[in-house]
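Here is a short report on one protein chain. Look at the sequence and the model first, then read on.

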Amino acid sequence: MSARSKVQRDSGMQRCSRRRAIGLLGAGLAASGLGLLPGCEAPPAVRPVPPPAPPPTSKRVWPPRASYPAPDLADACVLRQDVGIRPYRRGAVRVERDAHAIKPLIHQYGHGGAGITLAPASASDAADLLSEAEVAPPSPIAILGAGIVGMTTADLLLDRGYRVTIYTDRMTPDTTSDIAGGQFAPATVAVGGAERLTRWMRLASDYYLPRAGRGCGVERVVNFTAGGGRALRLLPDDRFSSQALTRLPIAGLEQPGSAHETLLITPPVYLPWLVGRLRERGCAFSFRRFDSASQVAALPDTAVINCLGMGSKPLYSDSRLVPIRGRLVLLKPQRLDYLFSHRNGYLFSRSDAVVLGGTYDRGTTDTTPDPRATQRILERHRRFFGSA
Ligand SMILES: Cc1cc2nc3c(=O)[nH]c(=O)nc-3n(C[C@H](O)[C@H](O)[C@H](O)COP(=O)(O)OP(=O)(O)OC[C@H]3O[C@@H](n4cnc5c(N)ncnc54)[C@H](O)[C@@H]3O)c2cc1C
């Protein structure tokens, strides 16, 4: 029996001894290798955790350098195609208390193409709703889902002194959050107005900026955009600089554009780091799948926060939740030191890969990789860089 099927067989357990959990871990239980505790009810007491380790070297990214290399877009550089479903919600990301639930249930899903970016902000609002529902720390809270939204919410609730159990059927590296490119930008998302967007971007940058350059997968980066328009500003303050450029400083490109500072959150680095941080602080993980709202209502915890992403659609019949499929092509890592958006797509130079995006297929949920799509994405970038 594989480790994975063993986990699934154990998923209905409601109790387990610490010894059994450790034994299972030793047997390679966790599908992700990250050590899930199947079915443990009560998480241990919250322990304060030190900030992430300081960086071995701190990198200056602003102002931009005079020149950067062009990417190598040869077929030989292709690692793979990643395909994921953006949980886009028409109107706005849902962060609200469910009026029909017997015990406090707060929905927090629908982050579209910006869940990595906005998770800390929606988590802060969800935690405020918990207080409004008069659920005080250290009450035990159930979080549904172990993507970026569920785990970030767990992190914030631990800060506020709650005890937290995350219930999920999948963990990193098998969630949509692992597919994300990881740029800090509010793309392909409906937030519900400019005021909320500004407030959320502030909350999110308050959360991520202290982590930048500390070895956990969050880095300050420069993003170039082709075209003669105004430089993009993420916030109306001095957190992220920007400037217009008469000529883009990338080898082989002659055209004007702009540059702005932003953050890159590399999911394959950041998500495992976050799992480790949560476990260190006493958050429990319980492997199980929910097929009905009544299974959620039966959880033993005082309140529930629903961070199931697209999984919320069947469970809570939300017709506003629309899948938007995205394909990314991952190339071998190259030392480009920039992100780049142009009319034919976008490119993120990460430590694990150069990520080329992307596609936006509304209403489609098939995540089978398609080699023809890889070629199309490559050709779009080659045309732009003149190497077709
Ligand atoms: C191609 C692509 C590129 C992207 N690029 C970026 C980017 O650059 N920047 C950015 O900010 N965002 C980006 N995103 C968006 C981002 O990936 C999503 O918004 C984010 O992952 C949503 O996180 P989530 O935690 O809500 O959902 P998920 O990561 O899907 O997590 C949901 C969790 O719930 C669990 N679950 C679901 N249903 C059930 C159930 N019935 N029972 C038990 N458990 C269940 C799952 O196992 C999982 O653990 C991108 C997305 C795609 C597809």
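The side chains of glutamate 96 and arginine 94 form a salt bridge, at 2.7 Å from N to O. A salt bridge here is a side-chain nitrogen of Lys or Arg within 4 Å of a carboxyl oxygen of Asp or Glu. By this rule there are 22 salt bridges.

This is a predicted model: local features need pLDDT of at least 70, side-chain atom pairs count only at pLDDT 80 or more, and totals for chains, interfaces and linings use all residues. Residues are numbered from 1 along each chain as its sequence is written, and side-chain values use heavy atoms, with hydrogens and water left out.

## Charged pairs

How covered are these residues? Buried means under 20% relative accessible area, exposed means over 50%, and partly exposed lies in between (1.4 Å probe, protein chains only). Arginine 94 is buried, at 13% relative accessible area. Glutamate 96 is partly exposed, at 37%.

| Salt bridge | N to O distance |
|---|---|
| Glutamate 96 and arginine 94 | 2.7 Å |
| Arginine 211 and aspartate 155 | 3.0 Å |
| Aspartate 159 and arginine 281 | 2.7 Å |

Helices (H or I, at least four residues) and strands (E, at least two) are DSSP runs, numbered from the N terminus. Take the bridge between arginine 211 and aspartate 155. Arginine 211 sits in the loop between helix H5 (194-208) and strand E6 (218-226), and aspartate 155 sits in helix H4 (residues 148-159), so the pair ties together parts that are 56 residues apart in sequence. Both arginine 211 and aspartate 155 are buried.

Now take aspartate 159 and arginine 281, which also meet in a salt bridge. This pair links distant parts of the chain, 122 residues apart: aspartate 159 is in helix H4, and arginine 281 is in the loop between helix H6 (267-280) and strand E9 (284-287). Arginine 281 is buried, at 5% relative accessibility. Salt bridges with shared partners join Asp155, Asp159, Arg211, Arg277 and Arg281 into one network.

Aspartate 301 lies in the loop between helix H7 (293-297) and strand E10 (303-306). Contact means heavy atoms within 4.5 Å. Leaving aside neighbours within four places in sequence, aspartate 301 is in contact with Lys103, Pro140, Ile141, Ala142, Thr165 and Tyr167.

Two strands pair if DSSP finds at least two bridges between them. Strand E4 (residues 140-144) pairs with E5 in the parallel sense, over five bridges. Proline 140 stands opposite arginine 163 in E5. Strand E5 (residues 163-168) is mostly covered, with five of its six residues buried.

## The nonpolar cores

A nonpolar core is a set of buried Ala, Val, Leu, Ile, Met, Phe, Trp, Tyr and Cys residues joined through side-chain atoms within 4.5 Å. The largest one has 57 residues, and Ile166, Tyr208 and Tyr270 have the most contacts inside it. Helix H3 (residues 115-132) gives the most to this core: nine residues. Another core lies apart from it, with 24 residues, among them Tyr68, Leu253, Val329 and Leu331.

Not counting residues up to four places away in sequence, tyrosine 270 touches Ile148, Tyr207, Tyr208, Arg211, Cys216, Gly217, Val218 and Ile265.

The structure holds zero disulfides. A disulfide is a pair of cysteine sulfur atoms within 2.5 Å. Cysteine 283 is buried at 5% relative accessible area, and cysteine 307 is buried at 6%.

## Backbone exceptions

Most residues other than glycine have a negative phi, and most peptide bonds are trans. Some places here depart from that.

The peptide bond from tryptophan 62 to proline 63 is cis, with omega near 0°. Proline 63 is in the loop between helix H2 (18-26) and strand E1 (78-89). The bond from glycine 357 to glycine 358 is also cis, with omega near -20°.

Glutamate 134 has a positive phi, near 60°, and is not a glycine. This glutamate 134 lies in the loop between H3 and E4 and is exposed, at 72% relative accessibility. Aspartate 337 has a positive phi of about 65°. Aspartate 337 is partly exposed, at 31%.
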